[in-house]
Amino acid sequence: MQSNLLYNVDQRPPLGKSILLSFQHVFAMFGATILVPLVVGLPVSAALFCSGLGTLIYQVLTRFKVPVYLGSSFAYIAAMQYAMKAMGGSVDASQTGIILIGCIYLLVAFILHFTGTGWLDKLLPPIVIGPMIIVIGLGLSPTAVKQAGFIAGGDPIHMLVAVVTFLVTGFVSTKAKGVFKIIPFLIGICFGYLFSMVLDLVDYSGIIETFQKGIFHLPDFYLPFETRHFNRYNFYFGPEALAILPVAFVTLSEHIGDHTVLSKICGRNFLKDPGLSKTIAGDGLATAVSAFLGGPANTTYGENTGVVSLTGVASTSVISGAAIIAIILSFFAPVQAVIMSIPEPVLGGMSLLLYGAIASNGLRVLIDNQVDFSSQRNLIIASAMMVLGLGGAVYPISKLANLSGTALSAVVGILLNLILPKDAKAK
């Protein structure tokens with residue numbers, strides 16, 4: 001595989017550039033990473049700390065070979081909420097269940113270490129990989145569209161902010177020179193924020209409140225033992241915790257899809273080097289540690305994959321820098337509040353580019369591999385994957401776990417690829 005990266009995985013930009021590039025990744029992941037704990041009812045500071053720590057754990061286990069950032073996973077929200085409700089608001093079952101999810105990942109990684117990943121080439125040919133990447137990118141697009149305000153009854157001012165942010169980011173990405181060319185999202189967000197300030201769209205109340213309470217705070221961890229400063233939970237292995245486990249099948253499918261996307265962007269095969277066993281182990285251990293400390297499950301972030309794709313900077317040192325910044329920010333509530341005050345239209349304008357870049361890489365897979373769509377077999381596989389993956393199809397596999405989106409699309413594509421007879425044109 002070939003790539004046109006400015007900085008490859010093992011290359012380290014100069015220190016000044018690295019810091020700016022790392023902050024760009026922090027801005028990309030921040031909104032989604034803190035949204036999960038806000039929805040579930042876990043501390044934001046703990047989730048932010050665990051996001052950074054989990055990313056560093058992942059990088060160590062994969063030997064700093066994959067430019068992945070781990071943030072809070074949306075896939076477990078319903079299962080965690082159910083577990084908390086069933087336990088009368090206690091996090092005992094939810095945190096224990098997520099720790100067990102991490103253990104399942106480690107078990108799968110252990111099995112893959114001995115079985116190898118040669119079978120993946122048969123299961124994931126270009127006709128499956130391409131549509132799967134397209135579904136990953138376009139599946140996120142409704143979030144970007146909603147944030148940007150392009151919905152029925154949307155505010156024209158919000159739309160304007162999103163368009164301005166989008167255009168500034170796009171022009172910087174295509175026309176800027178030097179260091180500015182590789183930080184288009186950072187520039188776009190800053191410009192969009194200033195533009196929002198002029199239009200009086202920024203809510204400063206959270207910033208003022210955090211300064212009144214104090215600048216430095218320890219993250220609000222939950223721990224499974226008694227301490228002076230932190231909340232406590234107890235390990236619980238009852239049905240409420242075990243009901244979370246089937247969701248692992250969904251997130252494991254997404255894990256493979258996300259790493260397939262990055263492999264294409266970076267011109268490397270991360271499923272073979274460092275290997276799927278190591279990437280899954282890194283993801284699983286990060287998730288287990290996060291849950292142990294009172295955070296949500298971790299997962300690879302499409303937002304950061306989009307940043308890698310559009311900037312051409314795949315340096316893992318930049319990703320590690322972002323993880324360190326996230327850990328530092330978890331101790332400073334005012335800085336968190338400033339980032340949280342970024343208006344949604346600004347994030348929406350940026351996300352339109354990020355998610356579109358991911359989907360475009362799926363098209364690139366199909367073009368580069370010269371997949372022939374005059375073949376009925378290829379047409380059927382791609383059609384089924386994209387319609388089911390983007391059409392909101394859901395297949396329940398348990399009371400709390402459903403196959404949908406990327407996971408459902410991948411399963412359908414793999415099955416059709418194995419079942420449908422091959423013809424001379426199929427590739």
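Cys 190 is partly exposed, because its relative accessibility is 39%. Cys 266, by contrast, is buried, with a relative accessible area of 1%. Buried here means under 20% relative accessible area, exposed over 50%, and partly exposed in between (1.4 Å probe, protein chains only). The structure holds zero disulfides, a disulfide being a pair of cysteine sulfur atoms within 2.5 Å.

The model is predicted: local features need pLDDT of at least 70, side-chain atom pairs count only at pLDDT 80 or more, and totals for chains, interfaces and linings use all residues. Residues are numbered from 1 along each chain as its sequence is written, and side-chain values use heavy atoms, leaving out hydrogens and water.

Helices are DSSP runs (H or I, at least four residues), numbered from the N terminus. The axes of α6 (residues 126-139) and α19 (residues 405-419) come within 9 Å and cross at roughly 165 degrees. Axes are lines fitted to C-alpha atoms over the stretch in contact, and angles run from 0 to 180 degrees between N-to-C directions. The two helices, α6 and α19, are therefore roughly antiparallel, a term for angles over 145 degrees. From α6, the contact (heavy atoms within 4.5 Å) is made by Ile 127, Val 128, Met 132, Val 135 and Ile 136. Residues of α19 in this contact include Gly 405, Ala 410 and Ile 414.

Helix α16 spans residues 333-340. Its buried residues are Ala 333, Pro 334, Gln 336, Ala 337 and Ile 339. The buried residues of α16 pack against α1 (15-40), α2 (44-61), α10 (205-213) and α15 (316-329).

Technical notes
Angles under 35 degrees count as roughly parallel, over 145 as roughly antiparallel, 65 to 115 as roughly perpendicular and the rest as oblique.
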